[in-house]
Amino acid sequence: MKNRKFWWALIVFLVAWSIWEMYPPTNQPLIPVFKQEAQHTDAKFDKIVSEAQALNAKDPTPQHEFTHLLEAIGTNDIQNYFPYYNAKAEKDPTYAILNRIQRKASGKIKLGLDLQGGMQFLVGLQTNRVVEAETNGANAAVVRDVERQRLVSQAAEVLRKRVDRLGVAEPVIQPSGTSHILIQLPGLSQAQQNEASNNISKAAYLEFRLVHPHSADLIKEGVVEPGYEVLNEVITHRDGTKSVEPELVEKRLANGMTGKYIKRAVVNRSPTTGEPEIDFVLDSVGAEKFGKVTTEHIGEKLAIVLDGELKCAPVIQSAITGGSGQITMGSGDYAEAQSIANVLENPLETPVQIEQIQQVDPTLGQDTIRSGVRAALLGTLFVALFMIIYYHRCGMLATIAMLINLVILLGVMCSIGTTLTLPGIAGIVLTVGMAVDANVLIYERLREEMATGKSLRGAISAAYDKAFGTIFDSHTTTLISAIILWNLGTGSVKGFGITLTIGVALSLFTALVVTRLIFDFLFDRGWLNRIGMLHIIKNPHWDFMRWALPAFITSWLIIFAGMGYGIHRGHNVMGIDFAGGDAVKMTYAQKVDVDQIRKAVEPVVGESQIQYQKGASSDILQVVAEGGKGAAVEQTLEKAFPNAGFHVVGREHVGASVGVEIQKSAVIASFLSLFGILVYVAFRYEFSFSVGAVVAVVHDVLMTIGIFFISGRQLSAPMVAAVLTIIGFSINDTIVIFDRIREDLKLGVRGTFKEVMNKALNQTLSRTIITSGTVFLATMALYLFGGGAINDFAFTFLVGIITGTYSSIYIASALVLWWHKGERPKTASTVTMEGTPDAREERIKARA
C-alpha cells in the first residue's frame, strides 16, 4: 500500500481517540464527584458530604445517591461552591447543579433500560383538542402543523423539567413523530419508578372554562346544549362527607385561559375544612386575561378543570385583577396536592395520554448485563479461535483487525451518544461474525492465487484486488438493511440498527486496510515467508443444480406449512409490541403450570397469553393481558399462588395505536430493504440476478417466520430487527456466489450455463460454509448465553443463517438459471469494481 505511514497514523489515532471517548466507561459514584467538583469547601460543605455519605452507607443503592445528597443539602444554598455552573437563573438552583454533576459522573457507555433498569414512556399528545381550525384559506393546514410542532416541543421541554427533579442521569426526552414524546429514565429504583410514573401521568393540564348560567335547570331537564359537557365536582363538607355536584361546563376555554400562565403554585390547608388547597399566581398576560373574564362574567360560575376533572366552580363575585386564584382539591391527600402544584409550575399546553410504558427492575438489568457481556465475549472468543485454528497466522491478523473494529465501534458509539441495549450487544456480536467474513473472502482468494504458483506477495495483492468487489457489494447490501433499521426502528431496535451500521462500515476499513498494512509490515521485516491454512473441502465437483427443482418445491411447501400454522394460531402469534396490552414479567421460586395460571387469571382479566421465557440468570414468567389489567394479574397470581414466590421484574403497557404503528413501520422497513437490494443488485449485475436475489430473500424471511411460528414463539419488535438482519445476511451470501458466476462468465469458462454455475458454486462452497459458520458461532453464543428478549432474536437469526446459505444455492442461483432457460447470459457490459489503487498498480505491473 502507498502512504503506509499515513494509514498507520490514522489507525493509531482512531484507536487512541476511541479509548478517550470511552473513558470513563461506567458511572462514577455521585458523592465523590460532588466533592471533587466543588471549587472550594468549608465546614458546612464537609458536613453536607458527611451526612450524604452516612445516608449512603445505610442505603448504598447507586440510584439513591442523588436523593441522599438532596436530603443532606436541605435548605442550604450550594451555589457558592459551584459558581461556574451559573445556576442563578434556574427555578431550583440545587436541582440544576446536582443534575449537571450527575451527568458529569455518568459513564461514557450509556446503558439502555434493559441493561440497567428504569422506565420508558411513550406519551401521546392530544393536539387536536388545542389546535382549532380558526384559520381559513390555503395556509390553514400549514399553520396547524406548525402549531402542533410547537406544542410537541413545549411538552417535551416541560416534561424534561419535571424529570430533572427526579435526579435521573442522562434521561432521554425527545419528540417521536408529530404527536408523541419518548421518555426514557434509566437506572431508577422501584420507588423512583413509581414517582416518575405519577409525575409524568399527571398532565396537570389546567383549563379555565365558564359554567352555563342555567346549568342546574338544564341538567335537571337532561339537556346538554351544543358546545357544553357535564362535569362532576366532588365537594368535601366540614363533617368529612362528600357529595357530587354536576355542572354544565363550556368546552371552549374562557378567553384562552390555560395553566401555561401560572407563575407559581403553593399548597396550603383550608382554614375551614383543613383540606389542602392550591393557591396560584398568574403571570402578567394571564392576569390580564383572568381579569377580563372575571370582569365580563360577574355572577357566573368559573370552572377550574384539571386534567379533564372539575376541581371547583366558584361564583365570580367581583372582578379579579390581581392575577391570583385558588384550586380546592376536594380530598385530604396533601402529597397529591403537592405533586399537582409541582407540575402546575411546569404546565403543559396540551393534554397528554401515556400510550406505552416499559418498566424494568434494576436487578433484572444487572442480570441482563452479565448475560449479554458473557454472550458477547464468548461469541468473540468462538470466532477468534476458529479463525486462528483454520487460518493460522492469517487468522491471528483477522482477530487483531476484529478487536480494532470493536474498539473503534465502541468509541464511535460513545462519541455520538448511542445507548447500548441488549439488541445492541447482539449487533456487536454479529458485527464480530460479519467482520471476519471479509477476511475469509480475502484468505480463500489468497489460497486460490497461491495454487496458481504466484509469489506470496503477488498472491496477497491479487487476493485483495479480486475480493474487493465482492466485499464491497456484500457489505453495501447489509448496510441497506442496517440503515433502514436505524431510521425506521424505535427503542432497542433502533439501537441495534445503529450498532450494526457502524460495525459493518468499520469492518470494510479493518479488513481492507488494517490486515493489508500488517501483511506489508511482516513482509518488510522478512517475518512472513509462507502461509499455512487448513482446507477441509478440497476441489469439490458436486452437481448442485441437479437438485434445484425438488429443493425449490420442498422449500415452499415448508413455508406454506409454517405460515398456515401461524394463521391457525391467530392472534396468539402477536406479541405485546404488535397486539398492545399489559405485560407482566416475574421471576419465581416455584414453577406453576401454565394451565393453573390460566385458570386463576382469566376469570379476572379475561383472555391472556401466558408463557415461560428464558431469562438472563433464571427463567421468567410473562403474562400478557388486556390494557389496564396488569395490576390485576399481579394481585391475582400473588393471592392464588403464595408459595410460588412471584417477584415482578418488568412491566410493559402498549396502547393499541402503538402496536399498529410498529406493525406499519415493520412492513415499510421490510419493503424498503427489498427494494433497495433489488435496485442495487440490478445496477451491479443484471436484472435476472436481482430478481433471483430478492426472491431468495423473500424465501428466507417467510421460511424463518414459518419456523418461528411452528416453535410457538410470538412476534416482537426485536423479531423485526432479526428479519431485517436476515435480509442483509442472505443477500450477503448470494452476492458472493453471484460475483463468482459473473467472473467465470467473463473469463469465458467453458461449458453450459448450468455447468458454469455448478463450477462457481463449488469454487465458493468453502467460503460459503466458513462465512456462514463464523456468524453462526457468534449467534449461537447469543442463543445459549444471551437470555431475555435476545433469545428470540438469536433463534430467528440462527434459522435465517441456515436458510440464507441454502437459498443462495437452490433459490437465487436456480432462478437465474431458469430465467435464462439454461443459456449463458451476457455480462460483459456489467459494471465491475476495479479494486484499490494499489491493486490496480499491481495488475498493470503483472501485465507488463
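How many helices and strands does the secondary structure of the protein chain come to?

## Overall make-up

The count is 26 helices and 18 strands, taken as DSSP runs numbered from the N terminus (helices are H or I with at least four residues, strands are E with at least two). Keep in mind that this is a predicted model, where local features need pLDDT of at least 70, side-chain atom pairs count only at pLDDT 80 or more, and totals for chains, interfaces and linings use all residues. Residues are numbered from 1 along each chain as its sequence is written, and side-chain values use heavy atoms, with hydrogens and water left out.

Of the 848 residues in the protein chain, 54% are buried (under 20% relative accessible area; exposed is over 50%, partly exposed in between, with a 1.4 Å probe and protein chains only). Take contacts (heavy atoms within 4.5 Å) between residues at least 6 apart in sequence: 77% of them join residues at least 24 apart.

Strand β17 covers residues 620–625, and six of its six residues are buried. Ile620, Gln622 and Val624 point one way, while Leu621, Val623 and Ala625 point the other.

β17 pairs (at least two DSSP bridges between the strands) in the antiparallel sense with β15, residues 581–587, over five bridges. Here Met586 sits opposite Leu621. β16, residues 609–613, also pairs with β17 in the antiparallel sense over five bridges, and Gln609 has Val624 as its bridge partner.

## Glu277

Over in strand β9 (residues 276–282) you'll find Glu277. Glu277 counts as buried because its relative accessibility is 10%. Its C-alpha atom is 6.8 Å from that of Gln326, 49 residues apart along the chain.
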